[in-house]
Protein chains: 2
Amino acid sequence: MYNQKTYALGSKRSTIREIFEYAKKRSAEIGAENVFDFSIGNPSVPAPDEVNAAIERIVKEMPSVELHGYTSAQGDKQVRDEIARKYSERFDVKLSGDDLYMTCGAAASLTITLHALACEGDEFIVFAPFFPEYRVFVTGTGSKFTVLPSDESTMLPDFDALEKALNPHVKGIIINSPNNPSGVVYDGVTIARLAEILQQKSEEYGAPIYLISDEPYRELVYDKDTVVPSVMKYYANSIVCYSYSKSLSMPGERIGYIAVNPEATDAKAVYFSVCGAGRMLGFVCAPALFQRVAAECDGLTADLSVYKRNRDLLYNALTDYGFTCIYPDGAFYLFVKAAEADAAAFCERAKKHELLLVNGADFGYPGWVRIAYCVQTERIERALPLFKALAEEYSLI
Amino acid sequence: MYNQKTYALGSKRSTIREIFEYAKKRSAEIGAENVFDFSIGNPSVPAPDEVNAAIERIVKEMPSVELHGYTSAQGDKQVRDEIARKYSERFDVKLSGDDLYMTCGAAASLTITLHALACEGDEFIVFAPFFPEYRVFVTGTGSKFTVLPSDESTMLPDFDALEKALNPHVKGIIINSPNNPSGVVYDGVTIARLAEILQQKSEEYGAPIYLISDEPYRELVYDKDTVVPSVMKYYANSIVCYSYSKSLSMPGERIGYIAVNPEATDAKAVYFSVCGAGRMLGFVCAPALFQRVAAECDGLTADLSVYKRNRDLLYNALTDYGFTCIYPDGAFYLFVKAAEADAAAFCERAKKHELLLVNGADFGYPGWVRIAYCVQTERIERALPLFKALAEEYSLI
């Protein structure tokens, strides 16, 4: 009667939704101030003031028919030129507005890119831990979804596993740095190694293997020596999927872009395929007002000092208490090894302390849990004694 | 290397784009004021003042994190409740916010609905003339796309053809009223007859055939006795795909909705399937600010008197000149029979008079042309002598 696959996707509650509902129920019982929901990756810091200022100014200045009218399907030309100019300057590459396709956010960037590339029988690879919607997006194109391991001490890709897994059906690899859920940033050395392997295998198979870089957290890094390199500097057949959701704290407004590396094999054709995929999936143009807001505010960020403070507080305390944590260079997640083999059981114990965490199994990484620290700092301060009690229960201290 | 289907969709210039480029070139030669581009269906009337007022007020009043944050995937609950309340009141049906799924405009409403319904081997039916993207959206789900004729004098569905074409593989019929390109509105009698046939065949096959009603032009009707009925009053297995693009003159902002008739068989499951399809295609939530603007401005329209004046002027003059025209109850298109059998040749002759029209073949209806009258009235006034000269050339006068 209706499609069973989409029904399954729409009817099954996500873990995070389950936790959200539990938090609501529990809050009614013991007060919201006593329930610590670390499950949701939703920016907790307001958008920079420039966002609302830009909205108000553009609405005042631009004639309505032009402002609220269609832009071209790939996005307003001036918007694309401006964003490409800033990107090129920042990353020292030669990107033009004609390499950019404005999208309704990171999810759209990914589905459009995947549909533009996927042919029958194709396969896409990710490294665990990974953002779970990748599976939905990849299988939505009819392609095979393959998960490879990361090194447990660094959460960086296992290159041996990659070399073994690559085969002529692999159309692309999706990477995500800074990573959700680990917070790890792929440095230049990692990307160079990845590029080297992909280059060699592409040549061997006589067809490009694309490197799809999902970068919604690109601006969210906290130490002055942490650099998020552009994959375009390292690998020709690369496509950057970006969103302003996290950098500008406006995930609800759905604005981002796809940048096709102009050095890619048949880059123009790949770009056209992106345009066609957007059309086929029902994306006419990205929201017009927010295209202009994004171009104007590109390069700004919400106040990241809050996330940094939260990260430092949480990472330092939890390692002090004896938990094994991955040091998060960026994003707003801390990835913590469960204090017993079964992370689900660990989450249940944490829950008894009113700490709501997400099982790493949801990210393809059993035995670990994710803590989203995009919350008020006060919430973390008040949660620390509870984490301490949890550590004591496991005799970590 | 990349997907050939999406490449073809993205690389082939549309007819309207070709005309746009020609108009630009021709304008440079003889002055923009002397070139009459009637090809583009883009609102020419500003959004009602309430749209910008709502944007400014909401931006001032709502805290940033809440305003620009994610709404739930199906849309903000208050927004959905408000829109459903207004819809129910206006059309005398019982629609609740839980039957509504907010989308990024009409194209998204359609792709999500089609992916939610389509199973392997399915078929969807449209009546010519039809909006050409329907073909892209339907074949994008892997389904068969079937075009049936309309009666040439009324541009209403040929019901005999429908009865013959229906078979157990048909999952749905897409209708579009007021129609692009004919401007015709399906009245209650037409929808009742359609419902009757679909009901009978659904029972015969033991599975619902969905009536998908694409209604971006619903509010654009010009005579006080023209009523656009709600399909929900006539047929249980109906789904309304709506967009605020035309009613509020904000097509660039990408905001609309899907309304699943709560009377449909397994309505809740169909709704879940819609949610799942949205997720699979990469729609996280509809743009948050514009969800709220839409809820607040639902029921308002841009100044339709301009379109009405244009329609009257154009329809009266062209019929006077001897052209056969379909009387357009709504939308902003006039569908005109080409004055020779070959509409492409007719368009070329019109071009010599600096009149740029779209060949009906693009809408699956050869022998006719579409004139989009969403332009400044002055443009129509100045074009009339050229249409007259064209009529004289064909000895229609």
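Is A:K201 buried or exposed? At 13% relative accessibility, A:K201 counts as buried, where buried means under 20% relative accessible area, exposed means over 50%, and partly exposed is in between, with a 1.4 Å probe and protein chains only. Before we go further, please keep in mind that this is a predicted model, in which local features need pLDDT of at least 70 and side-chain atom pairs count only at pLDDT 80 or more, while totals for chains, interfaces and linings use all residues. Residues are numbered from 1 along each chain as its sequence is written, chains are lettered from A and ligands numbered from 1 in the order in which they are written, and side-chain values use heavy atoms, with hydrogens and water left out.

Let us stay with that lysine for a moment. The side chains of A:K201 and A:E204 form a salt bridge at 3.9 Å, N to O; the term stands for a side-chain nitrogen of Lys or Arg within 4 Å of a carboxyl oxygen of Asp or Glu. Both residues belong to helix α9 of chain A (residues 188-205), where they sit 3 residues apart, about one turn of the helix. Helices (H or I, at least four residues) and strands (E, at least two) are DSSP runs, numbered from the N terminus.

B:K351 and B:E348 make a salt bridge whose closest N and O atoms are 3.5 Å apart. These two are separated by about one helical turn because they lie 3 residues apart in helix α13 (residues 343-352) of chain B. B:K351 is partly exposed, with a relative accessible area of 25%, and B:E348 is also partly exposed, at 41%.

B:R349 and B:E393 form a salt bridge, with 2.6 Å between the closest N and O atoms. This pair connects distant parts of the chain: B:R349 is in helix α13 and B:E393 in helix α14 (residues 377-393) of chain B, 44 residues apart. Relative accessibility is 38% for B:E393, which counts as partly exposed, and B:R349 counts as partly exposed at 31%. Back in chain A, salt bridges that share partners join A:K25, A:R26, A:E29 and A:E354 into one network. Over all chains, a search of the whole structure finds 65 salt bridges.

Now for the nonpolar interior. A nonpolar core is a set of buried Ala, Val, Leu, Ile, Met, Phe, Trp, Tyr and Cys residues joined through side-chain atoms within 4.5 Å. The largest one has 194 residues, and A:I173 and B:I173 touch the most other members. Not counting residues up to four places away in sequence, A:I173 touches A:I125, A:F127, A:L162, A:L166, A:L198, A:I209, A:Y210, A:L211 and A:I212, contact meaning heavy atoms within 4.5 Å.

The loops deserve a look as well. B:D223 lies in the loop between β6 (210-214) and β7 (238-243) of chain B and is buried, with a relative accessible area of 19%. Leaving aside neighbours within four places in sequence, B:D223 is in contact with B:K308, B:R311 and B:Y327.

Some backbone angles are worth checking too. In chain A, the peptide bond from A:S177 to A:P178 is cis, with omega near -5 degrees, and A:P178 lies in the loop between β5 (170-176) and α9. A cis peptide bond also joins A:N180 and A:P181, with omega about 20 degrees; A:P181 is found in the loop between β5 and α9 of chain A.

In chain B, B:S249 is not a glycine, yet has a positive phi of about 50 degrees. B:S249 lies in the loop between β7 and β8 (256-260) and counts as buried at 3% relative accessibility. B:D266, not a glycine either, has a positive phi of about 50 degrees. B:D266 is found in the loop between β8 and α10 (267-281) of chain B and counts as partly exposed at 42% relative accessibility.

Finally, how do the copies relate? Two copies of a chain are related by a rotation about an axis and a shift along it. Here chain B can be laid on chain A with an RMSD of 0.0 Å by a turn of 180 degrees and a shift of 0.0 Å along the axis, which is the relation of a two-fold axis. The superposition is by least squares on the C-alpha atoms of residues with pLDDT of at least 70 in both. The copies meet through the same surface, because 100% of the interface residues of chain B are also interface residues in chain A.
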